[in-house]
Amino acid sequence: MSHSLYYQTPVGWIRLAENESATAITHLLYVKDPVEEKASFAAGSADGPPSPLLRQALGELQEYFAGTRRAFTLPLEPAGTAFEQTVWSTLRTIPYGETRSYRQIAQQIGRPAACRAVGRANGRNPISLFIPCHRVIGADGRLTGYAGGLDAKQRLLELERGGSL
């Protein structure tokens with residue numbers, strides 16, 4: 001069974017999870033109530049101390065929120081369709097501190113008419129932050145949906161533009 005841990009970031013609670021062999025991160029999800037979430041998730045998770053991989057993930061997150069980490073080095077294993085995998089892989093190419101529109105992502109993957117599908121894939125990203133879906137905005141520059149909420153998205157973008165949390 002896989003391990004997971006909960007962590008309160010400056011933009012809200014998250015749950016980090018890894019695959020059964022503890023070789024890749026499978027989830028970084030925002031949670032509203034970690035106690036309630038943990039109770040509903042506990043049936044599918046192993047007990048015990050965090051693995052070295054989860055400790056590394058937590059350390060990289062702490063460095064990111066401190067403004068000292070610009071790129072994550074963790075092995076990731078998001079579950080999704082081939083199209084979603086393509087979108088998520090493309091999101092990982094958006095440089096720290098920059099944004100792209102759904103249209104730009106669609107064009108980059110060679111599917112210029114697939115803006116809405118890119119938006120759906122972005123919304124299904126199971127590994128937020130490590131796969132930086134917060135860096136995707138509307139074509140007009142406005143912030144669009146984010147699992148952690150628009151306030152969290154704004155704060156992450158400000159952090160990456162040299163601000164602090």
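Colleague: Which residues line the second largest pocket?
Modeller: Its lining consists of Arg-70, Ala-71, Phe-72, Arg-92, Ile-94, Pro-95, Tyr-96, Leu-129, Phe-130, Pro-132 and Arg-135. A pocket here is an open set of 1 Å grid points where a 1.4 Å probe fits, with protein on both sides within 12 Å along at least five of seven lines, and lining residues have an atom within 4 Å of a point. This is a predicted model, where local features need pLDDT of at least 70, side-chain atom pairs count only at pLDDT 80 or more, and totals for chains, interfaces and linings use all residues. Residues are numbered from 1 along each chain, and side-chain values use heavy atoms, without hydrogens and water.

Colleague: What classes are in that lining?
Modeller: Eight nonpolar, no polar and three charged residues. Ala, Val, Leu, Ile, Met, Phe, Trp, Tyr, Cys and Pro count as nonpolar, Asp, Glu, Lys and Arg as charged, the others as polar.

Colleague: New topic. What is the strand order in the open sheet?
Modeller: E1-E2-E3, three strands with antiparallel pairing. Strands are DSSP runs of at least two residues, and two pair if DSSP finds at least two bridges between them.

Colleague: How many bridges join E2 to E3?
Modeller: Six. Across that pair, Trp-13 stands opposite Val-31, and Leu-16 is opposite Leu-28.

Colleague: Is E3 mostly covered or uncovered?
Modeller: Mostly covered: five of its seven residues are buried, meaning under 20% relative accessible area with a 1.4 Å probe, protein chains only.

Methods. Buried means under 20% relative accessible area, exposed over 50%, partly exposed in between (1.4 Å probe, protein chains only). Helices (H or I, at least four residues) and strands (E, at least two) are DSSP runs, numbered from the N terminus.
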